[in-house]
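Let's take a walk through this protein together, one neighbourhood at a time. Have the structure open as you read.

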Amino acid sequence: MNTDIFGEAIKDYFNNQYTEDIVVQADDFDDDHIPIPYLFRSYPEMPKVEQKALDTAFGKVLDVGCGAGSHGLYLQKEKKLDVTAIDISEGAIETCKKRGLKNVYIQDVFKHNSGTYDTILFLMNGSGIIGTLDHIHRFFNHIKTLLTPGGQVLMDSSDISYLFQEEDGSFWIDASARYYGEMRYILKYKKQKSEAFDWLYIDYNTLQNAANANGFLSELLIEGENNDYLARFTLAN
């Protein structure tokens with residue numbers, strides 16, 4: 001059964017039925033929580049990595065994994081930009097429309113081929129959508145088809161190597177295992193539970209090397225306070 005965890009939570013909050021948060025489960029780690037109100041944050045409430053991305057956005061914008069639409073609404077209302085927002089969550093898209101986002105669609109970015117954009121946003125650990133590191137070439141190849149000449153991709157992510165750090169400062173990452181930023185999550189909300197899915201955190205050097213290998217120039221725009229950062233990619237030619 002396909003569960004729309006984010007969609008149900010977003011709809012509940014929007015309809016004043018907020019009673020609990022999304023629970024995130026991963027092997028070998030304690031449960032984490034995603035506070036639903038955070039998905040509705042305003043620009044002043046956003047981390048500086050996201051604020052920098054919105055400040056840097058220009059032209060025709062594609063907001064990938066738009067969630068409750070907070071980024072797209074800011075760009076549409078405050079910067080008067082032409083924003084298209086997509087998400088695989090039916091409930092999220094329904095709520096985005098009710099909040100006033102004009103061009104919103106239920107769609108996977110890898111199936112999106114409707115025109116080109118000056119700015120493509122991947123925010124809230126936007127690299128997660130890549131899934132696993134071996135999919136990164138597919139990701140960059142597809143993004144090339146969506147970018148205008150002179151356009152930019154803005155993506156935030158985190159280097160989560162600190163999760164594997166010992167008290168003496170050494171790391172217990174198994175070099176023979178998969179890339180340490182590849183996580184596998186299950187989401188729970190009320191009585192619903194998602195299937196397990198892959199989610200990629202990626203350190204900047206690895207991301208930059210992959211971008212360069214696929215014909216992109218990479219720039220580190222800003223580093224946040226929690227091992228997070230914002231990267232910008234532009235086509236090299």
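## Inside the core

Setting aside neighbours within four places in sequence, Phe140 is in contact with Leu207, Ala210, Ala211, Asn214, Phe216 and Phe233. Keep in mind as you look around that this is a predicted model. Phe140 also belongs to the largest nonpolar core, which has 48 residues; Ile120, Phe122, Phe140, Leu207 and Phe233 are the ones that touch the most other members. Another core lies apart from it, made of 21 residues that include Leu54, Cys96, Val104 and Leu154.

Some of these names come back when you look at the rings: one aromatic cluster is formed by Phe122, Phe139, Phe140, Phe216 and Phe233.

## Tyrosines and other rings

Across the whole structure, a search finds twelve aromatic pairs. One of them is made by Tyr179 and Tyr180, whose ring centres are 4.7 Å apart; their planes meet at 35°, so this pair counts as tilted. Tyr179 has a relative accessible area of 14% and is therefore buried.

Where does Tyr180 sit in the fold? Tyr180 is in the loop between strand E7 (147-158) and strand E8 (182-189). Is Tyr180 buried or exposed? Its relative accessible area is 17%, so Tyr180 is buried. The side chain of Tyr180 also makes a polar contact of 2.7 Å with the side chain of Asp159. These two residues are 21 residues apart along the chain, and their C-alpha atoms are separated by 9.3 Å.

A further pair is worth a visit. The ring centres of Tyr204 and Tyr229 are 5.6 Å apart and the planes lie at 80°, so this pair is edge-to-face. It links distant parts of the chain, with Tyr204 in helix H6 (residues 204-213) and Tyr229 in strand E12 (residues 228-235), 25 residues apart. Tyr204 and Tyr229 are both buried.

Arginines meet rings here too. Arg138 lies over the face of Phe110, 3.9 Å from the ring centre, and Arg41 lies over the face of Tyr38, 4.0 Å from the ring centre.

## Salt bridges

Side chains of opposite charge can pair when their charged atoms come close. A search of the whole structure finds six salt bridges, and three of them are listed here.

| Salt bridge | N to O distance |
|---|---|
| Lys11 and Glu8 | 3.4 Å |
| Arg41 and Glu50 | 2.9 Å |
| Asp198 and Arg184 | 2.8 Å |

Lys11 and Glu8 are three residues apart in helix H1 (residues 5-14), which means that about one helical turn separates them. Glu8 has a relative accessibility of 26%, so this residue counts as partly exposed.

The bridge between Asp198 and Arg184 links distant parts of the chain: Asp198 is in strand E10 (residues 197-200) and Arg184 in strand E8, 14 residues apart. Asp198 is partly exposed at 31% relative accessible area, and Arg184 is partly exposed at 39%.

## A covered helix

How many of the eight residues of helix H3 (residues 70-77) are buried? Six of them are, so to speak, tucked away: the helix is mostly covered. The buried residues of H3 are Ser70, His71, Gly72, Leu73, Leu75 and Gln76. They pack against helix H2 (48-56), strand E3 (60-64), strand E4 (82-87), helix H4 (90-99) and strand E6 (117-122).

Definitions and conventions
Residues are numbered from 1 along each chain as its sequence is written. This is a predicted model: local features need pLDDT of at least 70, side-chain atom pairs count only at pLDDT 80 or more; totals for chains, interfaces and linings use all residues. Side-chain values use heavy atoms; hydrogens and water are left out. Helices (H or I, at least four residues) and strands (E, at least two) are DSSP runs, numbered from the N terminus. Buried means under 20% relative accessible area, exposed over 50%, partly exposed in between (1.4 Å probe, protein chains only). A polar contact is a pair of N or O atoms within 3.5 Å; within protein, one must be able to donate a hydrogen and the other to accept it, and residues adjacent in sequence count only if both atoms are side-chain atoms. Rings of Phe, Tyr and Trp (its six-membered ring) pair if their centres lie within 6.5 Å; planes under 30 degrees apart count as stacked, over 60 as edge-to-face and the rest as tilted. A charge sits over a ring if NZ of Lys or CZ of Arg is within 6 Å of the ring centre and within 35 degrees of the ring normal. A nonpolar core is a set of buried Ala, Val, Leu, Ile, Met, Phe, Trp, Tyr and Cys residues joined through side-chain atoms within 4.5 Å. Contact means heavy atoms within 4.5 Å. A salt bridge is a side-chain nitrogen of Lys or Arg within 4 Å of a carboxyl oxygen of Asp or Glu.
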